[in-house]
Amino acid sequence: MAGVPRLSRRARWAIPAGALVITGAVIGGSLISVAQASPGLPSRTPAQLLVQVADSVTPPLTGTVVETTSLGLPSLPGTANPTSIASLLTGSHTVRVWYSGPRHFRLAVPEPLSETDVIADGNTAWQWESTANAVTEYSLPAHSTAPQTAPTTAPLTPQQAAQQVLAAVGPTTTVSVDSNVTVAGQPAYELVLAPKDSRSLVGQVQIAVDGKNGVPLRLQVYARGASSPAFQVGYTSIQFVTPAPADLTFTPPPGAKVSHVNLSAPSGSDQRRGDVSTIGSGWLTVLDLPSAGLTAPGGSGPAPGSGGSGDSAAVLNALLHSATPVSGAWGSGRLLRTSLVSVLITDGGRAFAGAVQPSVLYAAAGQAAAGSSSTQAP
C-alpha cells in the first residue's frame, strides 16, 4: 500500500529490497485465510502480472491483516511490544486497516491490553501507544506520499511487503504464475518469485494479487525445501469501500504525552551513527548493525546499555547466547542459523543478518572490517 506510514524510528529498519525476506527484517501460520478452490480469472503471464502490480493504485478499503512469523528462533525479550524487533521475529499479529489514500489512512495494532495506532491526515501523521498514553506527531513533507523516516520494524500490509520483495525482481529471480487462489473472499492470481542463487535461503515468495485491481492481498515467504511459509502477511477480511471520516481523524487523548518530529526539515548528513546499513543487493542483501551493544561470551563487545539501541541490543544478545562459535579471516564470533535466516555476531559487538548462507555473512563481515580499517587509516 503506497504511502502507509511506519512505526518506530528509522535507525532500526532503513532496509532496501529483500529486507523482509532477510530478517523475517525479512519468515507459516494458520491464521491467514487458507486458499480455497481455484477461481476463474483471465489468464496472465508473469510479465503481465508484474506490470499490473507495479501500475496498480490501491483503492479505498477497510480490512484486517494478519502477520505470522515462524523462524524457529529461541525465546526473545520484548515480544509484548507489537512494533518491536522481537515481535517481528516471532508469533502472530493483527493489524486493522482503514485506507482512503496515500496521505489519509489509519493502522491499528490491537493487543490484549494495549493498542498502537498510526493515523495519517494530510501533512500530519500520528503514532499513539495506549500503554504509555504517548503520542508522536509527525510533520510530513508536502510532496511525499509517506514519511521518509520512522519506518516500522515490519511491513504491516501485504502491499508494503510486496513492494519490498518485488524490488528484488531482476536477472537473479525466476518469476512464474501458479494456480489462482481465493484470499479474504477475493479471487487472486498467485505470482511466484524464486531466487536463482543457491546462497539465498529463500526458496520462493508467493504473492496473491487481487484479480480485479492488482492489489497484493497476501505474501508468503518459504525457505528452501519448505512446504509451509516461514513468514506471511495477508488480509483475512477486506472491503473495497471508503472508510468513514471518523476512522481517519485523531485527537490526542487527555493527559497524553505528545512529542513532535518534523520530517519536512532538511535532514543534513544521512550518516546516522549506529543505524542499520546494508551490504550486497537483492536476495543476498545483508544487514549490518555496527556497535549493536552486544556482549559476546569471551569477546570485547560493549555491555548491554552502553550505547546499544534498547530492545534491538536485548534481542541480539538473546540470539547470541544460543549461537555457535565460529571464526575465519574476518575474525571470530557466533553464528545462529534457521531455515530462513542466518545471524553472525562478531566478538567486537557487530551483527550481520540475512536470508543467506553463512558464507555470505562471512564475506560481508570481511568487507565491513576492511572498510572500517580504511576509514581509520591516517
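Author: At 14% relative accessibility, Trp330 counts as buried, where buried means under 20% relative accessible area, exposed over 50% and partly exposed in between, with a 1.4 Å probe and protein chains only.

The model is predicted: local features need pLDDT of at least 70, side-chain atom pairs count only at pLDDT 80 or more, and totals for chains, interfaces and linings use all residues. Residues are numbered from 1 along each chain as its sequence is written, and side-chain values use heavy atoms, with hydrogens and water left out.

The structure holds 3 aromatic pairs. Rings of Phe, Tyr and Trp (its six-membered ring) pair if their centres lie within 6.5 Å; planes under 30 degrees apart count as stacked, over 60 as edge-to-face and the rest as tilted. One of the pairs joins Trp126 and Phe250, with ring centres 5.4 Å apart and planes at 50°, so this pair is tilted. Trp126 belongs to strand β5 (residues 124-129), while Phe250 sits in the loop between β11 (231-239) and β12 (257-262), so the pair ties together parts 124 residues apart in sequence. Helices (H or I, at least four residues) and strands (E, at least two) are DSSP runs, numbered from the N terminus. Trp126 and Phe250 are both buried.

For Trp330 and Tyr362, the ring centres are 5.4 Å apart and the planes at 10°, so that pair is stacked. Trp330 is in the loop between β15 (324-328) and β16 (331-337), and Tyr362 is in helix α6 (residues 358-376); the pair links distant parts of the chain, 32 residues apart.
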